[in-house]
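Trainee: I have this model open and would like a close look at one part of it. Could you take me through the helix packing there, and then on to what surrounds it?

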Amino acid sequence: MSELIIKNLHVQIENQLILKGVNLTIPRGEVHAIMGPNGTGKSTLAYTLMGHPSYDVTEGEVLFKGKDILKLSAEERSHLGLFLAFQYPVSIPGVTVANFLRTAVNAHRKAADPEDKGIPILEFRKQMKEKMELLKVDAAFAGRYLNEGFSGGEKKRVEILQMAMLKPEIAILDETDSGLDIDALRIVSEGVNTLRNSELGVLVITHYQRILNYIRPDVVHVMMDGRIVESGGPDLALDLEEHGYTWVREKLENREAA
Ligand code: ADP
Ligand code: MG
């Protein structure tokens, strides 16, 4: 079982309950989207899945490859095959993109095999070059300091490059579209589409429908007030675009009243 299974997940931050029973399964090979108004807990879900220490799980479980990952550190989750692209990527002055990627690749290899001596430099350069060409990232980026002075679009593109190098099995993209102009959005989406395959499950978290025009999801979920309240096909995203979130809220109220 290599899908990601989230069961009845309750999460609080600073004693305030944010996620109130999230249920969600993301099989490998499928792209799922979570849409929802600001402040509903979308990023809280992403950070909790990656093991951020500020997010306190009070109930529920998250299974990946048959393991309860909530017991694992963020690093162990990454080694197991989870990848999170952050809404606000950090910059690391003094560390080049190439060094950062090589360190990440080596940490993964070491986790899989403690005897591993690290990827040979030529092999690494070859792989990085291939992925950069595939994702149309300028070769000069390899030598630049990570995210220092990068535009929003460049940061996101380098994140997708990182994803290509680490070959995760589940990738979570939290508001990868925020702050991108239409060209950058298209390039980043093309990158994700290029990496899309039967081995990779993707969770695209977004406030706007726009990115879903480029990364077409198999399933769309709506999150409201810390729960998934509605799931459907790609058309659900278009309905939301047209009718807004009030429409889902009204539907929910009617359902509760009935
Ligand atoms: P979304 O990504 O859907 O916009 P978030 O998960 O970022 O929502 O936030 C959900 C709620 O949790 C919001 O009410 C937000 O104010 C609160 N929250 C998020 N992070 C923190 C934090 N570090 N400390 C306190 N409250 C937080
Ligand atoms: Mg968010």
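Trainee: Which residues in α3 meet which residues in α4?

Mentor: Happy to. Ala98, Leu101 and Arg102 in α3 meet Ile121, Phe124 and Met128 in α4, where contact means heavy atoms within 4.5 Å. Before we go further, a word on the ground rules: this is a predicted model, in which local features need pLDDT of at least 70 and side-chain atom pairs count only at pLDDT 80 or more, while totals for chains, interfaces and linings use all residues. Residues are numbered from 1 along each chain as its sequence is written, chains are lettered from A and ligands numbered from 1 in the order in which they are written, and side-chain values use heavy atoms, with hydrogens and water left out. Helices (H or I, at least four residues) and strands (E, at least two) are DSSP runs, numbered from the N terminus.

Back to your contact. The residues where α3 meets α4 divide into five nonpolar, no polar and one charged; here Ala, Val, Leu, Ile, Met, Phe, Trp, Tyr, Cys and Pro count as nonpolar, Asp, Glu, Lys and Arg as charged, and the others, Gly among them, as polar. The axes of α3 (residues 97-112) and α4 come within 11 Å and cross at roughly 110 degrees. Axes are lines fitted to C-alpha atoms, for helices over the stretch in contact, and angles run from 0 to 180 degrees between N-to-C directions. The two helices α3 and α4 are therefore roughly perpendicular to each other (angles under 35 degrees count as roughly parallel, over 145 as roughly antiparallel, 65 to 115 as roughly perpendicular and the rest as oblique). The crossing of α3 and α4 is right-handed; a crossing is left-handed if the near helix is turned anticlockwise from the far one by less than a right angle, and right-handed if clockwise.

Now follow α4 to its other partner. The axes of α4 (residues 121-134) and α5 (residues 152-166) come within 10 Å and cross at roughly 130 degrees, so α4 and α5 are oblique to each other. Their crossing, too, is right-handed.

An open sheet of six strands has the order β6-β9-β10-β3-β11-β12, with mixed pairing; strands pair if DSSP finds at least two bridges between them. At the edges stand β6 (82-85) and β12 (227-232), each with a single partner strand, so one side of each is left without a neighbour in the sheet. From one strand to the next, the twist averages 20 degrees. Helix α5 packs on this sheet, touching β6 and β9 (170-174), and its direction makes about 170 degrees with that of β6.

Aspartate 225 is found in the loop between β11 and β12. Its phi is near 50 degrees, a positive value in a residue other than glycine. With a relative accessible area of 48%, aspartate 225 is partly exposed (buried means under 20% relative accessible area, exposed over 50%, partly exposed in between, with a 1.4 Å probe and protein chains only). Helix α7 (residues 235-257) lies across β3 (31-35), β11 and β12, running at about 50 degrees to β11. Glutamate 256 sits in α7 and counts as exposed at 65% relative accessibility.

An open sheet of four strands has the order β2-β1-β4-β5, with antiparallel pairing. Its edge strands are β2 (16-26) and β5, each pairing on one side only. Helix α1 (residues 42-50) packs on this sheet, touching β1, β2 and β4, and its direction makes about 110 degrees with that of β1. Seven bridges join β1 (residues 4-13) to β4 (residues 56-64), and valine 11 has valine 57 as its bridge partner in β4. In the loop between β1 and β2 you will find glutamate 14, with a positive phi near 45 degrees; at a relative accessible area of 76%, glutamate 14 is exposed.
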